[in-house]
Amino acid sequence: MNSFVHKTLVVELQAGVTDRFPVLAHLTYDPSDPFAVTVVFSHDGRVLARWQLDREMVTDGLTRPVGIGDVRLRPESRGVGRELRMEFLGEAHADGGRHHAVVFAWAEAVGEFLHETRRMVAPGCEEVHVDDFLADVLAGS
């Protein structure tokens, strides 16, 4: 049995107002961190960004706008397909602005990934081992 769920998707990174280009999104779910989904974006073998997202937030983002901070998600329709729009705000620029990226993923593929995570750990059945976490923090790891 797999100890985690992994799915690689081709998504589109929006450059400018209308241009989009394909990048890979590697989604990973590890039951030892049951509330989180990790997304690594890459292009030509180079990691562009790594984000850890709340699993419930990603689930909610498929049906309604969510997020008010560095990550904002919302469903969008494009032709006959449904997309998950993911907006990320990153490090500050020297001029006071912030790095900003918008990524579009096929909503059905994200939904299939989330379904697999729920098969592994159902919502409401997540367990967090606080003592292990505190031991790691105190050990500096």
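**A colleague's note: the sheet, its helix and its charged pairs**

1. Arginine 85 and glutamate 76 are both buried (buried means under 20% relative accessible area, exposed over 50%, and partly exposed in between, with a 1.4 Å probe and protein chains only). The two also form a salt bridge, with their closest N and O atoms 3.8 Å apart; the term needs a side-chain nitrogen of Lys or Arg within 4 Å of a carboxyl oxygen of Asp or Glu.

2. A word on the source: this is a predicted model, where local features need pLDDT of at least 70 and side-chain atom pairs count only at pLDDT 80 or more, while totals for chains, interfaces and linings use all residues. Residues are numbered from 1 along each chain as its sequence is written, and side-chain values use heavy atoms, leaving out hydrogens and water.

3. Now the fold. Seven strands make an open, antiparallel sheet in the order S4-S3-S2-S1-S7-S6-S5. Strands (E, at least two residues) and helices (H or I, at least four) are DSSP runs numbered from the N terminus, and two strands pair if DSSP finds at least two bridges between them. At the edges sit S4 (46–54) and S5 (71–78), each pairing on one side only.

4. Look at S3 and S4 next: eight bridges join this antiparallel pair, and phenylalanine 41 stands opposite alanine 49 in S4. The hairpin they form has two residues between the strands, and aspartate 44 in the turn has a positive phi of about 55 degrees.

5. S1 (residues 5–15) and S7 (residues 98–106) are antiparallel too, paired over three bridges. Here glutamine 14 faces valine 102 in S7.

6. What joins lysine 7 and glutamate 112? Their side chains meet in a salt bridge at 3.8 Å, N to O. This pair links distant parts of the chain, with lysine 7 in strand S1 and glutamate 112 in helix H2, 105 residues apart. Lysine 7 is partly exposed at 25% relative accessible area, and glutamate 112 is partly exposed at 37%.

7. Glutamate 87, in strand S6, has 14% relative accessibility and so counts as buried. Arginine 85 counts as buried at 15%, and its side chain meets that of glutamate 87 in a salt bridge (3.8 Å, N to O). Glutamate 87 also makes a 2.7 Å side-chain polar contact with histidine 100 (a pair of N or O atoms within 3.5 Å; within protein, one must be able to donate a hydrogen and the other to accept it, and residues adjacent in sequence count only if both atoms are side-chain atoms).

8. Overall, the salt-bridge count comes to 10. Glu12, Arg20, Arg78 and Glu83 are linked in a network of them.
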